[in-house]
Amino acid sequence: AGGGVLTEPQVVLAVAEASERAGAAPRSLFLSSSMPVRDAEAFLYPGGGAAPPVACNRGASGIDGVVSTAAGYADGSGLPTTLLIGDLASLHDLNGFHTLHGRGTEAPPFTALVVNNNGGGIFSFLPVAKHGDEVGFDEFFGTPTEAFDFEAGAAAFGIGHRAASTYDGFVEAYGAAVAGGADSMVEAVVTDHGTNVAVHAEISRCAVGVVEGLLRPPASAGRAPSLSFEVRCTPVTRPGPARTLLLLHGWMGDAREWEGVVAAMTAGEGGGALGPNWRVVAVTLPGHGGRENDGDGEALAADARGLRHMLGDGVVEQKHSVDGMAGAVLEFLAGDLGLTGE
């Protein structure tokens, strides 16, 4: 809820929404190591227009030097820049904010979004977090930052500071910082480490539920959608042990390219990249391979008939579940190793 506590995924969501607002000026984005870059990978998907230029940097110790690198990146991009960074990474390179003074009045404005979760929140996702005081988790892994005042830190370097602890408040503070057109810091005071782990787990659970609902709809929903997986296998043309090359979806672009690619890869002695003792198994997922997925499987069936004719003794199977697709692939791979049974 907009008026409740602020979570780390919501910070990234606010950045994404700001970039897609009508009339929003182009901005570049710099992502710190640790949670910011991971949350951005999971939740930063602007819905409209061109995606902003994005960069990141991993220091020698993971989170050192991020502010300085981001300031240099801002100058190089020539665009107003937003830095998404955690509180601990900010403290590791606090003097980096001093570099903003030497950029001149014509430099594009720099906005640092400091996600204050009171230390190294990423370590709470590790098994060691369950041991707590037994291993001195807060002291050695959590590394609390509560003793530092980021408002005072921003003032020391002559940049503006805003703070927010709710989603609506953060959206307003970030918007005001961007509109102000000057170097500034927005401190996002987010939930504690344990709550952050729980929030991520709940988001993952909901996402899995949606996908499973699509692939395995309840019986009351009627006929399940046809999500056909094509498993294609070339014949082995030389007697003796065979080896299998597994190619996942998207590698060939279109089913029509199959014949030439396989012929080149499995040509006779010395003529191909692999040779005649190799079989090539390719798995094409629904929606890939350069053609639309047909609800009744007619397009896939036509592909299968054409490939069976083209490959002779090759194998083309259509599987209508993830388990079926995986089973077909494992069958080929097990043959290489002489495995039998389950």
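## About the model

The model is predicted, so to speak of local features takes pLDDT of at least 70, and side-chain atom pairs count only at pLDDT 80 or more, while totals for chains, interfaces and linings use all residues. Residues are numbered from 1 along each chain as its sequence is written, and side-chain values use heavy atoms, with hydrogens and water left out.

## The sheet

Let's start with the open sheet: six strands in the order β2-β1-β3-β4-β6-β5, with parallel pairing. Strands here are DSSP runs of E with at least two residues, helices are runs of H or I with at least four, and both are numbered from the N terminus. Two strands pair if DSSP finds at least two bridges between them. At the edges sit β2 (54-56) and β5 (160-164), each pairing on one side only.

β1 (residues 28-31) and β3 (residues 81-86) share four bridges, and F30 has L83 as its bridge partner in β3.

## Two helices

Helix α1 (residues 8-19) packs on the sheet, touching β1, β3, β4 (110-116) and β6 (184-189); contact means heavy atoms within 4.5 Å.

## Two loop residues

S34, in the loop between β1 and α2, has a positive phi of about 75° without being a glycine. N118 also isn't a glycine, and has a positive phi of about 60°.

Terms used: Axes are lines fitted to C-alpha atoms, for helices over the stretch in contact, and angles run from 0 to 180 degrees between N-to-C directions.
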